[in-house]
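Biologist: Before we discuss labels, show me the model. I will then ask how each label was reached.

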Amino acid sequence: MGSLTEPRYRLGVDVGGTNTDAVLIRLNPVAILASHKAPTTPDVTTGITAAVQAVIAAANVPLSSIGCVIIGTTHFVNAVVQRSPSLRRVAVIRLCGGPDEGFGRNIPPFVDFPLDLRARIESSSPYFCHGGYQISGEEISPLDETELETIGAQLVKDGISNVVIAGMYAPLDHRQEVKAKEVLLRSMKLAGPSYTPRITLSHEVSGLGFLARENAAILNATLRPLAERTIYGFQKAMEDIFQDTPHTLYLTQNDGSVLSAAEAVHLPIRTFNSGPTNSIRGGEFLWRAATEATELQQEKATRTEPLVVIDIGGTTSDSGLLLPNGLPQMSSVTSLVGGVRTNFALPAVESIGLGGGSIIRGIGQDICTVGPDSVAHELLEKARLFGGDHLTATDIAVASAVHGVTEANPLEGMGDVSRLSDITPPMVNQAQSIMRQKIEELVDRTKIHKDDVDVLIVGGGAPIIRTDTPLQGIRRVQTVKGGEVANAVGAAISRVSGVMDTVVDTSNRTVKDAQEAVCEMAIEKAIGNGARPDTVQIAEVTMLPIQYVEAKARIVVRAVGELDVVAESSTEKLVSVIPDEEVYDTDTTSPPAHTLPPTDLHSYRPHIHNNQWIISPTDLDFITRGCKILGCGGGGDPYQEYLKAKAYLHDHPGAVRVISPESLPDDALVGWTGCMGSPEVSMERLENSECLQAHEKLMGVTGSAPVSAFLALEIGGGNGMVNLGVAAHYDVPCVDADYMGRAYPTMWQVTANVYGPPRGENILPGVAASGDGTFMIMTRSRTDRLIDKAMRAAVVEMGCRAGTAWRPQRGTQVRQQAIRNTVSLAWWIGRAVSLEKNIADKATRIIEAAGGPQSGAILGEGKVISVSRVLKTGHSYGVLEVDGRLSDGRKATLNIPFKNENAYVEAVLEDGEKKILAAVPDLIVVLDAESGNGLGTPEFKYGLKVVVLAIAASPRWTDTPRGMELGGPKSMGFEEVEYVPIGRYSEPRSVIDVYA
């Protein structure tokens with residue numbers, strides 16, 4: 001029942017590691033009525049109660065006028081980061097096709113967790129169960145209820161109450177997960193009547209991307225008991241304050257929207273990283289409030305352009321971007337929570353070492369520096385103003401006011417200003433100029449277009465930046481009252497969101513119609529989550545065609561709206577009082593896993609023994625990073641194959657070996673395998689040794705002698721890693737070579753085919769394996785191109801992903817036809833990305849690894865302003881548009897058309913001149929400027945900052961008309977593009993030769 005008085009105010013609370021901030025705000029017209037800081041207490045609740053009571057007393061408003069309390073907290077993420085004893089053991093049940101033929105058995109749950117966290121929360125063993133779906137909607141296999149009942153009894157026997165059920169393609173069809181939960185609950189209650197199982201379903205946690213979703217579900221499950229205790233404490237604190245007055249309690253989510261307290265108990269992970277979002281949105285609210293209170297009223301509150309919000313603390317300045325839709329710009333980097341890889345989108349935050357405590361050195365001299373080191377929380381002891389020995393940015397802010405350079409002294413009445421008498425106005429100007437330049441650079445890294453932007457500076461360190469004179473690239477900069485509690489303000493103004501992430505069938509409707517249907521679903525979800533219907537808008541739409549799959553597309557839609565606050569007559573108790581420790585599951589610690597000391601990457605040397613490169617985990621990491629970059633936008637993410645190889649290496653040290661092509665006897669048989677199908681499918685339906693199965697079937701069908709080694713079909717993407725594991729399984733080495741030198745979209749684009757007959761006799765016979773018992777064998781073809789078409793048609797029926805194996809080659813053929821030292825090239829590139837911190841240095845080192853300036857070039861850099869995509873004949877065609885500068889500094893727009901892989905780069909200069917900078921078969925690489933990692937074409941999205949490189953292709957492609965026919969621009973459908981080499985090819989340095 002609603003309250004008799006229309007709620008007019010909201011109470012926002014931010015629970016940080018040091019302070020708990022509370023604010024009471026009015027939304028219309030916008031205003032802060034009261035704010036308060038209180039120390040965060042060990043039990044969290046006491047600090048919240050003190051802060052909220054102080055705010056209500058200061059505002060002197062009736063409790064009935066407060067519609068809701070919205071809390072943002074780092075409590076749960078801190079528990080994971082700090083490996084809290086409150087974390088509980090978790091059992092994982094995968095619905096993947098069963099324990100014998102199920103997908104993903106070689107990549108078990110927890111496989112990429114940090115070892116200390118894994119030892120704390122992993123149960124004794126995972127359960128690979130029947131169930132799961134294909135992308136088509138068909139079941140991989142039906143659920144086996146007897147199997148689940150047996151597991152339920154075993155879990156009770158083991159004392160494990162926190163369980164994850166993760167089904168393949170559950171976000172598209174969650175019926176199996178829901179049914180499995182029902183069966184499991186029933187069996188666990190039967191086995192332990194007093195038992196309290198908590199079951200997390202993966203589809204409720206996040207969207208497509210199986211491993212990342214399962215990881216997130218595991219983190220959620222381990223936190224469930226802590227969430228019950230903590231949120232019950234929040235609820236109890238509010239009940240003590242509001243008594244019988246109706247009120248509603250919410251928690252803030254990662255995207256700036258709210259979650260009811262009851263939902264947060266079940267899904268605490270959704271609150272993990274709400275802090276940066278609250279800071280960005282809270283700052284914008286303060287900006288709007290200040291705008292409406294001044295002569296800028298005419299500009300009004302509705303923004304049509306992004307706003308940069310900078311939070312300056314004692315040590316760092318953190319900058320984020322609030323988009324016109326009210327949501328923060330999200331990061332392109334895979335989110336890591338406590339070292340665990342998840343698929344939650346987190347705000348893109350840029351940070352620099354500049355804060356109120358930043359130490360200034362060399363003032364008044366030619367070289368003066370500000371930060372990045374800081375006195376931090378010891379400012380009141382170590383700053384010159386307070387008798388310390390360190391000149392800080394805060395000292396400069398005070399000296400600036402003393403000398404009349406700026407008006408207000410931010411620390412009026414504090415410290416002894418005479419201690420700053422030797423700081424002259426020129427010195428003040430020098431230090432302030434450096435700090436302003438740092439902010440200008442930070443803003444430039446944050447904004448997503450070249451035009452000037454509005455900037456808001458919040459946080460306790462805001463006074464160190466002069467805002468009375470223009471800054472480069474900034475239209476208007478402002479600090480506002482209340483900026484020190486921006487996080488709590490952000491919590492108070494949180495909105496409601498509804499997200500739909502699904503795969504649609506477009507065989508009987510247009511993509512536009514399908515997109516509109518998904519938008520309606522997102523709007524309905526937002527309203528169901530508590531949004532006011534008349535305020536809901538579509539904030540974000542992403543459409544990704546599913547490669548090699550006709551009439552399928554993945555559509556992700558986010559709808560947002562204002563919170564429809566109706567104060568409840570009473571808040572339903574979420575849980576009964578929970579003791580500090582549970583009866584069951586109290587032993588959460590396993591013996592700590594044996595860990596090796598971290599590797600010093602700068603001094604690391606690969607191990608070469610008897611002319612064989614013995615692959616280590618460090619080598620695997622380097623090779624994986626390099627394969628992603630050599631994919632040229634395609635080839636799929638190698639991360640899954642990396643995890644599989646790493647797990648195999650852990651159990652079989654020294655088993656993964658690489659040899660030079662020169663080491664092959666002339667008559668040695670060399671196998672080659674690779675995955676075929678959609679990378680999007682590989683994200684969700686995990687591998688099942690399909691390539692190994694395909695090779696075994698090929699050997700059996702042809703009666704071939706065993707192979708002596710394997711090499712990669714393509715070094716780019718996931719296929720660059722596959723044969724390391726296949727070779728290790730057969731206890732033979734992998735050859736430092738491949739048949740593409742990159743990634744290409746079709747099977748006939750291999751150098752073995754360049755040197756073979758046009759009917760593909762160098763490729764066939766071949767086998768495709770589904771991974772769950774289906775095989776396709778092809779022995780002859782009318783043309784080489786028909787091989788790819790026929791095999792892909794079979795792969796679609798296999799669930800749009802399969803492993804393939806092809807006609808083994810003799811050692812002499814490999815040396816004559818393969819591209820040499822490409823595993824080494826991936827290693828050198830991955831090493832460069834790992835060693836360098838700066839994106840410019842990473843890009844330069846990648847070019848050096850490929851042979852230097854004569855063999856490659858940095859073409860330009862900028863921000864993605866447009867991505868168009870269309871699906872044709874199973875391939876994802878599109879154009880990436882980047883607004884930026886060429887390597888010579890000229891402004892230009894870079895257009896990069898792609899067909900699964902990047903095809904060419906066209907520069908459009910300011911005067912309208914167009915110029916082709918690079919084209920296939922040369923390698924065109926798009927790097928994420930935030931991380932330095934290679935970007936696949938499915939990862940292209942608006943606002944990304946990128947660097948574009950080109951690397952010369954092997955003469956295997958460029959030296960013959962046949963090579964250019966199969967690998968040049970025309971092979972990818974770009975008839976009008978003429979190939980001009982980016983440089984002269986340099987054969988990559990062999991790791992074996994360099995380190996032997």
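Modeller: Start with Asn60, which lies in the loop between helix H1 (45-59) and strand E4 (66-73); helices (H or I, at least four residues) and strands (E, at least two) are DSSP runs, numbered from the N terminus. This is a predicted model, in which local features need pLDDT of at least 70, side-chain atom pairs count only at pLDDT 80 or more, and totals for chains, interfaces and linings use all residues. Residues are numbered from 1 along each chain as its sequence is written, and side-chain values use heavy atoms, with hydrogens and water left out.

Biologist: Why is Asn60 called exposed?

Modeller: Exposed means over 50% relative accessible area, buried under 20%, partly exposed in between (1.4 Å probe, protein chains only). Asn60 has 69%, so it is exposed.

Biologist: Is Ser689 buried or exposed?

Modeller: Ser689 has a relative accessible area of 14%, so it is buried. Ser689 also has a positive phi, about 55°, and sits in the loop between helix H17 (679-684) and helix H18 (690-702).

Biologist: How do you know what radius of gyration to expect for a compact globule of 996 residues?

Modeller: The rule is 2.2 Å times the number of residues to the power 0.38, and the radius is taken over C-alpha atoms. For 996 residues a compact globule would have a radius near 30 Å; the protein has 30 Å, so the two agree.
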